[in-house]
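The following briefing concerns one protein model and is arranged by topic. Please consult the sequence and the structure as shown here.

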Amino acid sequence: RSDIGGAERERDKKIKKGKNRNMQKNTEQMKLENNQIEVIVNYHGAELRSLKKKATDQEYLWNADAKYWGRTSPVLFPFVGGVKNKVYRYEGKEYPMNQHGFAREKEFTCVEEGTEKLRYRLMSDEETRKYYPFDFVLWITYELREKEVLVSWEVENRSGEVMSFTIGGHPGFRFEKEGEQKEDYELYFPENTEFTATAVDLVNGTGKPDQKYRVKLTDHTLVLSDQLFDVDTLVVDDAQIREVWLRRKATGQLYAGVRCIDEFCSFGIWSLPKGPYVCLEPWAGRCDDEGFCEDISKKPGINRAKPGECWKKQYAILIG
């Protein structure tokens, strides 16, 4: 294949060489701020690494403590979750793929910078085509709006064939005070009185769409505990969740949450045992179903971008 992004990569090199007024002493990070919040974003994975309220200096995002989970808010692309046996199929050929894809491990280029907006780009190359045979550009934008961070994804297909993919967010929220546990918080779903969750195979990490269970809420609220995650991830399909918050149990105060601006077919809620954090994850697609072994284009929940098409989704990270 010809390197269709060669000219843009040359521009990327020049951008990276230049100085940037918002760049931190750690040159791998950039900062945005308005009068209420400030955020820090890494070039690596275009990952949001910090979200603070300026009035209190309170940090809301998980600190990537590897004792529990060594990430903060990775972007999952071109796959959310795992594929069966770490292999997927496209046009009769098998390709290896690790859990959650490869974008979170790649260096992005910042192509647009403002006081309250950053835009990053990742382009396919010879290496990515070894395990994902499409020419693509992934754009990730962070924009501040009062006490919200608007997250925008654009997936541009520069291939000559339809491109299949999933993409998801994985923001982790730390608890406010040292020593707090899950029992100090609850999950609040403003638009739900109940929902149906999909079971997960704990050995293979695949979904079991034939095994669903009903989750009843009390006044739109679900009790938070380590036991909630005995099922691994609480996986909710069929675009049932549009907004969810971590809320302080003692006071009823909204702490941090996620709102889906566009429709997301799946949503994940996850934490590790004793971990002082919870991840609220909007997903456009998810892991393979148990037993799925067909072409990737036939995967339930898959997104498809036609040649030349730019697919878009948005969600917002919120603080109380």
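**Cavities and model basis**

The largest cavity has a volume of about 40 Å³. A cavity is a set of points, on a 1 Å grid over the protein atoms alone, where a 1.4 Å probe fits but cannot get out; grid points are joined across faces, edges and corners, and a volume is the space filled by probe spheres set on the points. The model is predicted, so that local features need pLDDT of at least 70 and side-chain atom pairs count only at pLDDT 80 or more, while totals for chains, interfaces and linings use all residues. Residues are numbered from 1 along each chain as its sequence is written, and side-chain values use heavy atoms, with hydrogens and water left out.

- The structure holds two cavities of 30 Å³ or more.
- The lining of the largest cavity consists of Ser73, Pro74, Val75, Tyr142, Val151, Trp153, Gly169, His170, Tyr315 and Ile317, where a lining residue has an atom within 4 Å of a point.
- By class, this lining has seven nonpolar, three polar and no charged residues; Ala, Val, Leu, Ile, Met, Phe, Trp, Tyr, Cys and Pro count as nonpolar, Asp, Glu, Lys and Arg as charged, and the others, Gly among them, as polar.
- S11 and strand S25 (310-319) each supply at least two residues of the lining of the largest cavity; strands (E, at least two residues) are DSSP runs, numbered from the N terminus.

**Pockets**

- The largest pocket has a volume of about 560 Å³; a pocket is an open set of points with protein on both sides within 12 Å along at least five of seven lines.
- Of the 27 residues that line the largest pocket, Gly81, Gln99, His100, Asp232 and Thr233 lie nearest its centre.
- The lining of the largest pocket comprises eleven nonpolar, ten polar and six charged residues.
- The second largest pocket has a volume of about 280 Å³, and 14 residues line this pocket, the closest to its centre being Arg174, Lys177, Glu178, Gly179 and Pro276.
- In the second largest pocket, the lining divides into four nonpolar, four polar and six charged residues.

**Nine-stranded sheet**

- Nine strands form an open sheet with antiparallel pairing, in the order S8-S9-S10-S11-S25-S21-S20-S15-S18; two strands pair if DSSP finds at least two bridges between them.
- Strand S8 (109-113) and strand S18 (221-223) stand at the edges with a single partner strand each, so one side of each is left without a neighbour in the sheet.
- From one strand to the next, the twist averages 20°; axes are lines fitted to C-alpha atoms, and angles run from 0 to 180 degrees between N-to-C directions.
- Within this sheet, strand S10 (residues 136-145) and strand S11 (residues 148-157) run antiparallel and are joined by ten bridges.
- Trp139 has Glu154 in S11 as its bridge partner.

**Four-stranded sheet**

- A further open sheet has four strands in the order S1-S2-S3-S4, with antiparallel pairing.
- Its edge strands, strand S1 (29-33) and strand S4 (58-59), each pair on one side only.
- S1 and strand S2 (residues 37-42) run antiparallel and are joined by five bridges, with Leu32 opposite Val39 in S2.
- Three residues connect S1 to S2 in a hairpin.
- Strand S3 (residues 48-53) pairs with S4 in the antiparallel sense over two bridges, and the bridge partner of Lys52 is Glu59 in S4.

- Strand S6 (residues 87-90) and strand S7 (residues 93-96) pair in the antiparallel sense over four bridges, and Tyr90 stands opposite Lys93 in S7.
- The hairpin of S6 and S7 has two residues between the strands, and Glu91 in the turn has a positive phi of about 50°.
- A cis peptide bond, with omega of about 0°, joins Phe77 and Pro78; Pro78 lies in the loop between strand S5 (75-76) and S6.
- Lys86 is found in the loop between S5 and S6, and its phi is near 60°, a positive value in a residue other than glycine.

**Aromatic contacts**

- The whole structure contains 27 aromatic pairs; rings of Phe, Tyr and Trp (its six-membered ring) pair if their centres lie within 6.5 Å.
- One aromatic cluster is formed by Phe77, Phe79, Tyr88, Tyr90, Tyr95, Phe102, Tyr131, Tyr132, Phe134, Phe136, Phe165 and Trp311.
- Lys313 lies over the face of Phe264, at 5.5 Å from the ring centre; a charge sits over a ring if NZ of Lys or CZ of Arg is within 6 Å of the ring centre and within 35 degrees of the ring normal.

Technical notes:
Rings of Phe, Tyr and Trp (its six-membered ring) pair if their centres lie within 6.5 Å; planes under 30 degrees apart count as stacked, over 60 as edge-to-face and the rest as tilted.
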